[in-house]
Amino acid sequence: MKDPSSRRRARRIAIGAAVVIALAGMNGPWLWRVGSEKYHNYKINQPEYKADNGHWKVIDFPEEYRQNTIHASLLHTGKILMVAGSGNNQKNFDDKKFDTRLWDPVNNTIKKIPTPVDLFCTGHTQLADGKLLIAGGTKRYEKLKGDVTKAGGLMIVHNENPDKPITLPAGTKFTGKKNGKTFVSKDPVVVERAKKVFDKQTGAFLRNDPGLGRIYVEAQQSGAKYETGTQDNYRVQGLSGGDTRNTYGIAQKLALDKKDFQGIKDTFEFDPVAEKYIKVDPMNEARWYPTLTTLTDGKVLSLSGLDEIGQLVPGKNEVYDPKTKKWTYTKGIRQFPTYPAIFQMADGRLFYSGSNAGYGPDDVGRDPGVWNLRTNKFKKIPGMSDPDLLETSNTVELPPAQDQRYMVVGGGGVGESKDSSPKTRIVDLKDANPKFTDGPELEKGTRYPQASVLPDDSVLVSGGSEDYRGRGASNIKQARLYDPKTNSFDKVADPHVGRNYHSGSILLPDGRVMFFGSDSLYSDKGNTKPGVFEQRVEIYTPPYLYHGSQPTLGEGPKSIKRGGSGTFPTEHASSIKKARLIRPSATTHVTDIDQTSIALDMKKQGNKLTVTVPKNRSLVESGWYMLFVTDDQGTPSKAQWVHIP
């Protein structure tokens, strides 16, 4: 029997020939314009074409409900939380206009949700009880070189007193010992006490390792004459006694260079039932562009991000406990670029694919590998092709999750590089010595590709751009279905809307896929016309929904324990071939850590189907899942929501 992609290709040829013949019969001269938009629209709306390629539909919300969607998450109510915050708009930020919408794709209703702080470039993940954890966001927008009027930068404050920490308020002045220039802190800082170091063998006291604090400072007045060119030690004004001797600052160049975004510590749980944000304890570290990864015990790991002074968080990772609503630091230090793609593996360790969203040194934390959070040991995985082109790549766990195979799609060079990769790279983490091997290539080098796992075990890969943020009108309006069994791509219908930076895709409970966002720098090839944020949503209906009626899956238990079973009524039990639990997405910046598809064992009896959930807690994390069944034609049912406690 031919595989589905082969059948689709054969049908495509036949359909194309039939359409051309039909058009020739209806209107001969029209045949000469087969590349026209009119012909294209005719072709893509034919039932046979849809059955082979699927279909795209643009949804343009009423003007009062449009927003610059940066983040989107599917909730167990079936509604989608669409978060803009300030929406990458400095004026909105200055005016404290922060935006969140709740969209019901079934009834096509939209509700505005009061947004407490700027959740632009926050982190998020699904919690076990169905709430959405949201942590971090924007404290200050970046300032480009030329817009910076006061020299400034990072001041490292040292405290050599082993007996007590010291707190320096906002407005503290630091004066250079060599350069004589004075800089002022923008925020308060607590500097921990020094640590006494003893000889491990003799017990003799060796030294005090100073406690360190990081603070952003800037010159008191504007102008280039207040810049510094080299490192200097800084005296802290306003101290007395031993604090004068024990406390000092060290800073590298303090200049009029570009100043990066700054993050916040704020943390919220969004309640899908009450439909509101609930404030909980803040993180220990401010984070802008963080990744949140759920752990085996239901706690959540928060990683990376830019802190309150615009610096990459120095490897201080922390864990949120949904029971206590509090954050605690993990043991050990490990630093990653912002929005690192870090997934929990079936054995409880963490897999870092190398995918990230950008900020951070090009030589820090970019190698893919397996991380043991408990021991803080990290083992690199070899074989990655285009290893310097992993920024803005997408990483997707290939279905089913039990196989522990991941695919890294596309990517680009560090920062605003023009370079992009057409590669896909696949790794099998069940291998004793895993390594990446190349999968099928994309047609073009692709930054920001979207990837959504479908109920039939295929993966929809769509969108992206060849250049940084779509420069040079480089959006790629193409879509492919990846088949993990054949390790091949099959071209399907092209989307109408280009998607690059600040875009994402989400599998819906009816088997369709929603696409949102896109934030091009420019809209023309010459890079002369500023881009406009894409506020339209586009829905892709995969080919499997045009192959006849969907198998039905009636209501069953709303909760199934790990290792337990649940029975659901269905009139199509004999034709059902597989069942999948798919965790709902929480996606932003080509990062969707929540997405996973778990194979379930099945038993059929008459008009009933019994599914059994795997026992592995690291594989099946607590929370709400969509339960899909798929028939022998590859057509999935609509999902039933099931909670795994």
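**Note on the strands and sheets of a predicted model**

1. Start with one pair of residues. Asn 159 lies opposite Gly 211, a residue of strand S16. Asn 159 also has a counterpart in strand S18, where Thr 247 stands opposite. Keep in mind that this model is predicted.

2. Now take the strands behind those pairs. Strand S9 covers residues 152–159. Strand S16 covers residues 211–219, and S9 pairs with S16 in the antiparallel sense over eight bridges. Strand S18 covers residues 247–251. Four bridges link S18 to S9, and these two strands also run antiparallel.

3. Is S9 largely enclosed or open? Six of its eight residues are buried, so S9 is largely enclosed by the rest of the structure. Buried here means under 20% relative accessible area.

4. Next, look at an open sheet of four strands. Its order is S22-S23-S24-S25, and the pairing is antiparallel. The edge strands are S22 (291–294) and S25 (326–329), each pairing on one side only. From one strand to the next, the twist averages 30°.

5. S22 pairs with strand S23, residues 300–303, over four bridges in the antiparallel sense. Within S23, Ser 302 is the residue opposite Leu 292.

6. A further open sheet has four strands in the order S30-S31-S32-S33. The pairing here is antiparallel. S30 (394–397) and S33 (436–438) stand at the edges with a single partner strand each, so one side of each has no neighbour in the sheet. Neighbouring strands are turned by 25° against each other on average, direction ignored.

7. Which strand does S31 join through five bridges? The partner is S32. S31 spans residues 405–409, S32 spans residues 424–428, and the two run antiparallel.

8. Step back to the whole protein chain. It has five helices and 47 strands. Its radius of gyration is 27 Å, close to the 26 Å that the globule rule gives for 645 residues, so the chain is as compact as a globular protein of that length. The C-alpha atoms fill a box of roughly 95 × 60 × 45 Å along the principal axes.

9. Finish with burial, surface and contacts. Of the 645 residues, 56% count as buried. The chain exposes about 27400 Å², with carbon and sulfur atoms supplying 49% of that area. Take the contacts between residues at least 6 apart in sequence: 61% of them join residues at least 24 apart.

Notes: Residues are numbered from 1 along each chain as its sequence is written. This is a predicted model: local features need pLDDT of at least 70, side-chain atom pairs count only at pLDDT 80 or more; totals for chains, interfaces and linings use all residues. Side-chain values use heavy atoms; hydrogens and water are left out. Two strands pair if DSSP finds at least two bridges between them. Axes are lines fitted to C-alpha atoms, for helices over the stretch in contact, and angles run from 0 to 180 degrees between N-to-C directions. Buried means under 20% relative accessible area, exposed over 50%, partly exposed in between (1.4 Å probe, protein chains only). The radius of gyration is taken over C-alpha atoms; the globule rule is 2.2 Å times the number of residues to the power 0.38. Contact means heavy atoms within 4.5 Å. Accessible areas come from the Shrake-Rupley method with a 1.4 Å probe; for residues, only the protein chains shown count as cover.
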